[in-house]
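Welcome! Please take a moment to look over the sequence and the 3D structure, and then we will walk through a few of the details together.

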Amino acid sequence: MLQIDNLHAEVDGKAILKGLSLSLNAGEIHAIMGPNGAGKSTLGYVLSGRPGYEVTEGSVTFEGADLLALAPYERAAAGLFLGFQYPVEIPGVSNLQFLREALNAQRRARGEEPLSGGDFIKRARAQADALGLDPEMLKRPVNVGFSGGEKKRAEMVQMGIIDPKLAILDETDSGLDIDALRSVGAGINTIMRKPDRAVLLITHYQRLLDYVKPDFVHVLAGGRIVRSGGPELAHQLEAEGYADIAA
Ligand code: ADP
Ligand code: MG
């Protein structure tokens, strides 16, 4: 589904990704771990096309297409979703307005009929219920006044409504209490654990991986993948830290 080959990228003239290669098949969940400043969030931004993140070398293919040649909205319409490490507040725009516009823009770009108001509300309520977010919160402006945990739940509600092919989830577990962690983990499994879906799960902690069991675990350090393994690698990192592996 996703093939990243020798990716080099810089921000403000500073090289951050330095020859990163990674490939994901449909049906797989990959965890990416690594020390602070390794380039994990940068990878998510480069894949989603955030302005200011310049690719200087390498290639990314998504479902056979050159991902880097697409504008950010085209990447979203192609099925890419980014869950932010720090979700953005959008005063004046309700979650419902925002998500209905986003979903229908993607449906139109794919040549599908937009969802009617009634059908959309049903879908949004079902997702909020599934994620343990009070559906009334969907009427409020995007993330404004939400607690850290509510923002992360709201991101997963967004993902459930948008129903992407590939989700890149950047520290979705940060700031979650135990109950929220469990429902967010269950939400990721329900929405994304399917033969035609894939997830790139960026996390520092084993605890999310107890709920969302990865097929592969990678260590990103110094702008490239320095180690790949199975779920046992996450346990090893939790016990030993990154120092030996990332050195
Ligand atoms: P991680 O998510 O792995 O903690 P990031 O991808 O956020 O790491 O950051 C990787 C490196 O890029 C860090 O050293 C960070 O300071 C640097 N960086 C990120 N954004 C910018 C920017 N806009 N200008 C300069 N350096 C940046
Ligand atoms: Mg980060």
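Contact here means heavy atoms within 4.5 Å. Helices (H or I, at least four residues) and strands (E, at least two) are DSSP runs, numbered from the N terminus. This is a predicted model, where local features need pLDDT of at least 70 and side-chain atom pairs count only at pLDDT 80 or more. Residues are numbered from 1 along each chain as its sequence is written, and side-chain values use heavy atoms, with hydrogens and water left out.

Let us start with a pair of helices. Arg153, Met156, Met159 and Gly160 in helix 5 meet several residues of helix 6, among them Asp179, Ser183 and Ile188.

| Helix pair feature | Value |
|---|---|
| Residues of helix 5 | 148-162 |
| Residues of helix 6 | 178-192 |
| Axes of helix 5 and helix 6 come | within 10 Å |
| Axes of helix 5 and helix 6 cross at | roughly 10 degrees |

Helix 5 is therefore roughly parallel to helix 6 (angles under 35 degrees count as roughly parallel).

Strand 11 (residues 216-221) pairs with strand 12 (residues 224-229) in the antiparallel sense, over 5 bridges; strands pair if DSSP finds at least two bridges between them. Opposite Ser228 in strand 12 stands His218. The hairpin has 2 residues between its strands, and Gly222 takes a positive phi near 60 degrees there.

Leaving aside residues up to four places away in sequence, Ser41 touches Gln85 and Asp170.

How values were computed: Chains lettered and ligands numbered in written order. Axes fitted to C-alpha atoms, helices over the stretch in contact; angles between N-to-C directions. Parallel < 35°, antiparallel > 145°, perpendicular 65-115°, else oblique.
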